[in-house]
Amino acid sequence: MRDDSDAQEQERLCFLESCGLSPEELTTINLVEEPNLEWRHLSRADAILIGGAGTHSATVVYPFSAALEAVVERVVAEEKPMFASCFGHHFLVRALGGEVVTDHHRGEVGTFDVQLTDEGLEDPLFAAFPSQFPVQLGHHDIVLAIPPGMEELAYSDKSRYQMLRLADKPIYSSQFHSEMSESHLRVRLEMYRDSYLAAETSEEELSLPLRPSPWADKLLRRFFDLFV
């Protein structure tokens, strides 16, 4: 969901590197340019990734929203592996009946620590992970309530629902950018510093130092190893 071609290409690079895929293994659909998404476009995929969205908010209805919601419902029904991050996290929650709001006071832009819940500590995705680790974040939408059947896997000081799983299905979502390393986030922040971030983020927040996130950087490869 990108209006900016540079951000779209950078996001694709982030997913290629974090998933350990070759370029021909990753098909990208930008719903801003191709809003009429249908299941036939995705039916042969081994897994589906829903990424970020720049200026788009999961609290707003767009030309692509109904089509994406229908696909999400089909993914859940067929239990196809899916990992949604940032906008994808918020959209998944809303599509399944949860509540999401825009709250700039509780937004997180930069590197923050998340803590695993008891369910997170037991989830195979986090096997051998420490109970607390840093992640890369850039959001102003917040999950207030999760749908029935979703499990809380991780939280932060500012936001309760940092990572979720649809119970016993290979369907995960993270509010943090599971596809972004520290260096990737640094590039993305520069892309949006004078546009989206200028209007929504304080200088104090933007000046916070970024930190490496080695554990979070492993999540998508682990997801592929376990479920794909």
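**Note on the predicted model**

1. Gln 8 lies in helix α1, which covers residues 5–19; helices here are DSSP runs of H or I with at least four residues, strands are runs of E with at least two, and both are numbered from the N terminus. The structure is a predicted model, in which local features need pLDDT of at least 70, side-chain atom pairs count only at pLDDT 80 or more, and totals for chains, interfaces and linings use all residues. Residues are numbered from 1 along each chain as its sequence is written, and side-chain values use heavy atoms, with hydrogens and water left out.

2. Is Gln 8 buried or exposed? With a relative accessible area of 18%, Gln 8 is buried; the term means under 20% relative accessible area, while exposed means over 50% and partly exposed lies in between (1.4 Å probe, protein chains only). Not counting residues up to four places away in sequence, Gln 8 touches Arg 2, Asn 30 and Glu 33, where a contact means heavy atoms within 4.5 Å. Asn 30 is 22 residues from Gln 8 along the chain, and their C-alpha atoms are separated by 8.0 Å.

3. Arg 2 also takes part in a salt bridge, its side chain meeting that of Glu 11 at 3.0 Å, N to O. A salt bridge is a side-chain nitrogen of Lys or Arg within 4 Å of a carboxyl oxygen of Asp or Glu. Both Glu 11 and Arg 2 are buried. By this rule the count comes to 8 salt bridges. Side chains of opposite charge can pair when their charged atoms come close.

4. As to the overall form, the chain has 8 helices and 9 strands. Its radius of gyration is 16 Å, close to the 17 Å that the globule rule gives for 228 residues, so the chain is as compact as a globular protein of that length. The radius is taken over C-alpha atoms, and the rule is 2.2 Å times the number of residues to the power 0.38. Along the principal axes, the C-alpha atoms fill a box of roughly 45 × 40 × 35 Å. Of the 228 residues, 54% count as buried. Among contacts with a separation of 6 or more, 75% are accounted for by residues 24 or more positions apart.

5. Which residues have the most contacts inside the largest nonpolar core? They are Ile 50, Met 82 and Phe 87, in a core of 31 residues. Such a core is a set of buried Ala, Val, Leu, Ile, Met, Phe, Trp, Tyr and Cys residues joined through side-chain atoms within 4.5 Å. At least two residues of this core come from each of β1 (48–50), α2 (65–78), β2 (82–85), α3 (87–95) and β8 (163–166). The largest share, 6 residues, is that of α2. Apart from this core lies another, of 26 residues, among them Ala 47, Ala 216, Leu 219 and Phe 224.

6. Met 82 has contacts with residues including Ile 48, Ile 50, Val 72, Val 75, Leu 92 and Phe 223, when residues up to four places away in sequence are not counted. Pro 170, Ile 171 and Tyr 172 are also among the residues that Met 82 touches.

7. Helix α2 has 14 residues and reaches 20 Å from its first C-alpha to its last, close to the 20 Å expected at 1.5 Å a residue; the expected span is 1.5 Å times one less than the number of residues. Its buried residues include Ser 65, Ala 67, Leu 68 and Val 71. Val 72, Val 75 and Val 76 are buried in α2 as well. The buried residues of α2 pack against β1, β2, α3, β8 and β9.

8. Just after α2, Glu 79 takes a positive phi of about 55 degrees. Glu 79 counts as partly exposed, at 39% relative accessibility. Its side chain meets that of Lys 169 in a salt bridge (2.9 Å, N to O). This pair links distant parts of the chain, 90 residues apart: Glu 79 is in the loop between α2 and β2, and Lys 169 in the loop between β8 and β9.

9. The side chains of Arg 165 and Asp 123 form a further salt bridge (2.9 Å, N to O). Arg 165 in strand β8 and Asp 123 in the loop between α4 and β5 are 42 residues apart. Arg 165 counts as buried at 9% relative accessibility, and Asp 123 counts as buried at 5%.
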